[in-house]
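Me: I would like to learn how to read a model, one feature at a time. Please give me the general idea, then the case at hand.

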Amino acid sequence: MAEKKRGKKLSIEDIALMGMMVAVIEACKLAMAFLPNIELTSFWIIMFTLLFQWRILFVIPVFILVEGAVYGFGLWWVMYLYAWPLLALAAYLNRKQESVWFWSILSAVFGLMFGFLCALPYVAIGTADSGLRGGLYAGFTWWVAGIPFDIAHGVGNFVLMAVLHKPVRLAMKRIRREKA
């Protein structure tokens with residue numbers, strides 16, 4: 001009720017919550033860095049979008065900025081600017097879904113498509129350098145070379161979502177309910 005009354009104005013509590021969301025994503029990313037393309041970032045972006053909705057609009061840019069500050073602002077960073085918001089958008093558009101299988105499949109598809117999404121800057125750079133044909137070749141070559149990593153990413157996303165979705169969603173809903 002209080003949230004409806006104040007609208008979508010940011011409160012100190014919202015800012016603290018968003019900071020915690022970024023911290024959770026970063027901590028999980030660091031903890032799982034030894035596993036190639038197995039990550040909880042996709043899981044948390046989906047879960048935080050479902051449970052905290054509009055706040056994800058602040059979390060993703062901060063996460064991307066932190067990533068750039070920690071790892072450097074390379075071409076990979078540009079890919080993050082559209083890949084992670086696209087996942088949040090897909091989650092938001094399907095927010096009424098309750099099926100663990102739906103979310104596991106969505107997460108897996110995102111993991112499988114991640115390399116394709118990340119090939120887009122190579123298409124643009126190749127096109128600027130060698131025309132459209134050269135750009136498509138550059139993007140396609142980069143994407144195909146990463147398919148084994150995309151498979152690992154997709155499988156990892158599926159398994160992590162299938163295992164963690166229900167318990168994390170229940171815990172987060174319980175926390176929200178107790179707080180209210």
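**Reading helix packing and its surroundings**

Reply: Helix 3 and helix 6 cross in a right-handed manner. Helices here are DSSP runs of H or I with at least four residues, and strands are E runs of at least two, numbered from the N terminus. A crossing is right-handed if the near helix is turned clockwise from the far one by less than a right angle, and left-handed if anticlockwise. This is a predicted model, where local features need pLDDT of at least 70 and side-chain atom pairs count only at pLDDT 80 or more, while totals for chains, interfaces and linings use all residues. Residues are numbered from 1 along each chain as its sequence is written, and side-chain values use heavy atoms, with hydrogens and water left out.

Me: At what angle do helix 3 and helix 6 pack?

Reply: Two packed helices are described by the angle between their axes and by the distance between those axes. Axes are lines fitted to C-alpha atoms, for helices over the stretch in contact, and angles run from 0 to 180 degrees between N-to-C directions. Helix 3 and helix 6 pack at about 130 degrees, and their axes are 10 Å apart. The two helices are therefore oblique to each other. The scale is this: under 35 degrees is roughly parallel, over 145 roughly antiparallel, 65 to 115 roughly perpendicular, and the rest oblique. S42, I46 and L50 of helix 3 meet W103, L106, S107 and F110 of helix 6 (contact means heavy atoms within 4.5 Å).

Me: How far apart are the axes of helix 3 and helix 5?

Reply: Their axes lie 9 Å apart, at an angle of about 45 degrees. That makes helix 3 oblique to helix 5. Helix 3 passes helix 5 in a right-handed crossing. On helix 3, the contact uses T41, S42, I45, I46, T49 and L50; on helix 5, it uses W84, L87, A88, A91 and Y92.

Me: Which residues have the most contacts inside the largest nonpolar core?

Reply: A nonpolar core is a set of buried Ala, Val, Leu, Ile, Met, Phe, Trp, Tyr and Cys residues joined through side-chain atoms within 4.5 Å. The largest one has 39 residues, and W44, I46, F48 and W84 have the most contacts inside it. The elements giving two or more residues to this core are helix 2 (12-31), helix 3, helix 4 (56-71), helix 5 (75-93), helix 6 (100-145) and helix 7 (147-179). Helix 3 gives the most, with 9 residues. Take I46: beyond its neighbours within four places in sequence, I46 contacts L87, A91, W103, L106, S107 and M161.

Me: Is T49 buried or exposed?

Reply: Buried means under 20% relative accessible area, exposed over 50%, and partly exposed in between (1.4 Å probe, protein chains only). T49 has a relative accessible area of 2%, so T49 is buried. T49 lies in helix 3, residues 41-52. Leaving out residues up to four places away in sequence, T49 touches I56, A88, A91 and Y92. A polar atom of the T49 side chain is 2.6 Å from the backbone oxygen of I45. For such pairs, a polar contact is two N or O atoms within 3.5 Å; within protein, one must be able to donate a hydrogen and the other to accept it, and residues adjacent in sequence count only if both atoms are side-chain atoms.

Me: Where does E39 lie?

Reply: E39 is in the loop between helix 2 and helix 3. E39 counts as buried because its relative accessibility is 12%. Its side chain makes a polar contact of 2.5 Å with the side chain of H153. A polar atom of the E39 side chain also lies 2.8 Å from the backbone nitrogen of S42. Not counting residues up to four places away in sequence, E39 touches M32, W84, H153, N157 and L160.

Me: What is phi of N37 near?

Reply: Most residues other than glycine have a negative phi. Phi of N37 is near 60 degrees, a positive value in a non-glycine residue. N37 sits in the loop between helix 2 and helix 3. With a relative accessible area of 30%, N37 is partly exposed. Phi of Q53 is positive too, near 35 degrees. Q53 lies in the loop between helix 3 and helix 4, and at 32% relative accessibility Q53 counts as partly exposed.
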